[in-house]
Amino acid sequence: MSANTPQPIGSSTAAADISQQQATFTAKGANPHLIKTIENFSVRPRWLFVRIETEGGVVGWGEATLEGHTEAVQGSLRDIARRLKGWDAMNIEDIYTYLYRHRFYRGGEVLMSAISGIDIALWDIKGKILGVPVWQLLGGKVRENCPVYGWIGGDRPSDVLEQAKVRKAQGFTRVKMNATESIGWLDSPHALDETVKRLAEVKSIGLDAGLDFHGRVHKPLAKQLVKLLEPHRPLFVEEPLLPGHPNEMKDLYNKTSIPIALGERLFTREDVRPYFELGCIDIIQPDIAHAGGISETKKIATMAEAYDIGVAPHCPLGPVAFAASLQIGFSTPNFVVCEMSWKMHYNVGADLFTYMTNPDVFAVKNGAIDLLMAPGLGVEINEELIRKEAAEASKLEPWINPLFRGDDGSVREW
Ligand SMILES: [Mg+2]
């Protein structure tokens, strides 16, 4: 029976059968590109790496980090791994379509993060087999370097001026910080004064700064905050309202000249579509480890260009997701800037370079990172360390995000 033969209603096909059908379908005779193994590794600080190896011994790395939901994604990856054994790793679009479309239930952060991790690893493999960086496979380079921004402050930001000076000395010209601590639906307007002061301080030393509202600020305060910030010209405001409110975002959009960015909690072209069609954002921020990997992020970026929307990949994640995001940046005309997690507040126990053997490729020069030249993603992974760390991490509870409650005990947005 061919892999394309519909199954009778009521029958089920074991994953091993599907894999066998697919192996027959894609390869008549020995094919070194068939998927041999898919593994995942949960490591500090809060990252989830995917490793795919082909029958020919080529190894690709992906990243499926979904902050605070590691075990959910691992479950999805286990399910995917048993289905894909024997599939041709070179047929990325076919595998993506199978994982996304064929499975009936689709979308959402868990399934899409698992697919993203697989997809990124497959692009790494393809680049390594063909001996070219991924940006060559995406149409070639459109720039020589990718602008990046670093974080200052944490969830409860203070001393931002000192931190901004450190970022400047590290080579950054742009930074991002949280706009507020946890905040109520309607809070005292005084809660916003600090935000304005901090932005002014960071800008006083010549840095540009984006402000991440983090979906913490609701409509009654968001409209006040953008008005207060406007004279200080932030680079952008991020998630000024929670996703799921495109009409309310459009109202806010019409009240301010500050560029509005959003997208880390949107997955696939279907999710971004209403925001594009309504014209309520200026910058889309797909997270390559959640949005559908390199395949889907590139398509979101191309779609955005038709609406004059810039692309700023969200990436407070590890080196594999960062390298994948840069590959989009090198090959995408409407790319604007990429987030970089180096020395960010959540990197406890390990940092962006910990699991890399070639960290020099991520050197920040004048606020940007040079073209990655090595085949595949361009990062060399210390597999021995990852296996050791994952074995240690398996004895610990995976990272979960902090719980914020208001003075009245009610749960607030993180
Ligand atoms: Mg954000």
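In this predicted model, the C-alpha centres of domain 1 and domain 2 lie 27 Å apart. The domain assignment places domain 1 at residues 15-133 and domain 2 at residues 136-380. Where the two domains meet, 34 residues of domain 1 are in contact with 30 residues of domain 2. On the side of domain 1 that touches domain 2, the elements giving two or more residues are strand S2 (47-54), strand S3 (59-63), helix H3 (92-102) and helix H4. Of these, H4 provides the largest share, with 13 residues. Sorted by class, this side of domain 1 has 15 nonpolar, ten polar and nine charged residues.

The axis of H4 (residues 109-130) comes within 6 Å of the axis of helix H11 (residues 293-305), and the two cross at roughly 95°. An angle from 65 to 115 degrees counts as roughly perpendicular, and H4 and H11 are therefore roughly perpendicular to each other. On the H4 side, the contact is made by Ile115, Ser116, Asp119, Ile120 and Trp123, while H11 brings in Gly293, Ile294 and Ser295. The residues of this contact divide into four nonpolar, three polar and one charged.

Ala89 is found in the loop between helix H2 (70-84) and H3. A residue is buried if 20 or more other C-beta atoms lie within 10 Å of its own; Ala89 has 29 C-beta neighbours inside 10 Å and so counts as buried. Leaving aside residues up to four places away in sequence, Ala89 touches His33, Ile35, Ile52, Thr54, Leu122 and Ile125.

Stepping back, the whole protein can be described in a few numbers. The protein has 13 helices and twelve strands. Its radius of gyration is 22 Å, close to the 22 Å that the globule rule gives for 414 residues, so the protein is as compact as a globular protein of that length. Along the principal axes, the C-alpha atoms fill a box of roughly 70 × 50 × 45 Å. Of the 414 residues, 47% count as buried. Contacts between residues 24 or more positions apart make up 71% of the contacts with a separation of 6 or more.

Terms used: Residues are numbered from 1 along each chain as its sequence is written. This is a predicted model: local features need pLDDT of at least 70, side-chain atom pairs count only at pLDDT 80 or more; totals for chains, interfaces and linings use all residues. Axes are lines fitted to C-alpha atoms, for helices over the stretch in contact, and angles run from 0 to 180 degrees between N-to-C directions. Helices (H or I, at least four residues) and strands (E, at least two) are DSSP runs, numbered from the N terminus. Angles under 35 degrees count as roughly parallel, over 145 as roughly antiparallel, 65 to 115 as roughly perpendicular and the rest as oblique. Two residues are in contact if their C-beta atoms, placed from the backbone, lie within 7 Å. Ala, Val, Leu, Ile, Met, Phe, Trp, Tyr, Cys and Pro count as nonpolar, Asp, Glu, Lys and Arg as charged, and the others, Gly among them, as polar. The radius of gyration is taken over C-alpha atoms; the globule rule is 2.2 Å times the number of residues to the power 0.38. A residue is buried if 20 or more other C-beta atoms lie within 10 Å of its own, exposed if 12 or fewer, and partly exposed in between; C-beta atoms are placed from the backbone. Domain bounds come from an automatic or database domain assignment.
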